[in-house]
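Here is a quick tour for anyone opening this structure for the first time. Keep the sequence and the 3D view side by side as you read.

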Amino acid sequence: MKAVITGDIINSEHHEVSTWMSVLKEYLSMYGSTPKNWEVYRGDEFQLKIEASKALDFAIGLKARIKQIKGLDVRMGIGLGEETYEAKTVSESNGEAYQFSGRVFEKLKEQKLNLAIATSNENVNETLNLVLKLALDFMDDWSPVSAEIIAIELETPGIQQQEIADRLGVQQSAISQRQKRARLDLVNQVLNFYKTTLTKHLK
């Protein structure tokens, strides 16, 4: 089973392209090569093919990267399913994962949501999207400082608070406070719940 993520950068028109494009491309590059695994097109839209188990890590991680730039955010639709046609470029490949991703992404604006998942299992969709909606309640409000701490935690699993403090040039106690404000504990619970749900209900 594959995941396809279709997304765009929110408020990109109010920022210089150079402030966010390099961040987007660098992060996408961590998950594969272009154009086979990912592409950026129509200015600020992108598509990525990824292993299903890593899809939500990518989505939350990218959100944390982009929200470090004040005023920006990212909107993403995740489709989980089969890939029935693999082309040289991700935009020409096809299968239910691509179709689900495109459809759920198109609905996000009218639903005023920044992240949603679509699979062939309606019960899974309902459960995961409720969890995501609750998580977005605090993730959409991350400050650049909170977003930075989440990005570091997701990209360097197991990193110690003191290591982060040394990297950022602050006290360890400040890192603890930033983790609490960013709701790192809940982010990890959401990611674990997603992976458990995949294992139990989607093969």
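## The overall layout

What pattern does the chain follow when read along the sequence? The answer is β-α-β-β-α-β-α-β-α-α-α-α-α. That comes to eight helices and five strands, where helices (H or I, at least four residues) and strands (E, at least two) are DSSP runs, numbered from the N terminus. The radius of gyration is 17 Å, close to the 17 Å that the globule rule gives for 203 residues, so the chain is as compact as a globular protein of that length. For the record, that radius is taken over C-alpha atoms, and the globule rule is 2.2 Å times the number of residues to the power 0.38. Along its principal axes the C-alpha trace spans about 50 × 40 × 30 Å.

Before going on, a word on where this comes from. This is a predicted model, in which local features need pLDDT of at least 70 and side-chain atom pairs count only at pLDDT 80 or more, while totals for chains, interfaces and linings use all residues. Residues are numbered from 1 along each chain as its sequence is written, and side-chain values use heavy atoms, with hydrogens and water left out.

## Inside and outside

How much of the chain counts as buried? Of the 203 residues, 50% do; buried means under 20% relative accessible area, exposed over 50%, and partly exposed in between (1.4 Å probe, protein chains only). The accessible surface comes to about 10,200 Å², and 47% of that belongs to carbon and sulfur atoms. These areas come from the Shrake-Rupley method with a 1.4 Å probe, and for residues only the protein chains shown count as cover.

Q171 is exposed, with a relative accessible area of 60%. Q171 and Q161 are ten residues apart in sequence and 9.3 Å apart in space, C-alpha to C-alpha.

## Strand β3 and its partners

Now look at strand β3 (residues 45–51). Six of its seven residues are buried, so β3 is largely enclosed by the rest of the structure. Strand β1 (residues 2–10) pairs with β3 in the antiparallel sense over seven bridges, and strand β2 (residues 38–41) also pairs with β3 in the antiparallel sense, over four bridges. Two strands count as paired if DSSP finds at least two bridges between them.

To find your way along these pairings, note that K2 stands opposite E51 in β3, and E39 stands opposite Q47 in β3. β2 and β3 form a hairpin with three residues between them, and R42 in the turn has a positive phi of about 50 degrees.

## The nonpolar core

Which residues touch the most other members of the largest nonpolar core? They are F46, L56, F58, I78, W142 and I150, out of 63 residues in that core. The largest share, eight residues, comes from helix α2 (residues 55–66). A nonpolar core here is a set of buried Ala, Val, Leu, Ile, Met, Phe, Trp, Tyr and Cys residues joined through side-chain atoms within 4.5 Å.

Take I150 as an example: not counting residues up to four places away in sequence, I150 touches I60, A64, W142, A182, L184 and V187. Contact means heavy atoms within 4.5 Å. Across the chain, among contacts between residues at least 6 apart in sequence, 67% join residues at least 24 apart.

## Salt bridges

The structure holds twelve salt bridges, each a side-chain nitrogen of Lys or Arg within 4 Å of a carboxyl oxygen of Asp or Glu. One of them joins E51 and K2, with the closest N and O atoms 2.8 Å apart. E51 lies in strand β3 and K2 in strand β1, so the pair ties together parts that are 49 residues apart in sequence. E51 is partly exposed at 38% relative accessibility, and K2 is partly exposed at 25%.

D57 forms a salt bridge with K195, the closest N and O atoms being 2.8 Å apart. D57 is buried at 18%, whereas K195 is partly exposed at 31%. There is also a network of salt bridges linking K36, K49, E83 and E86.
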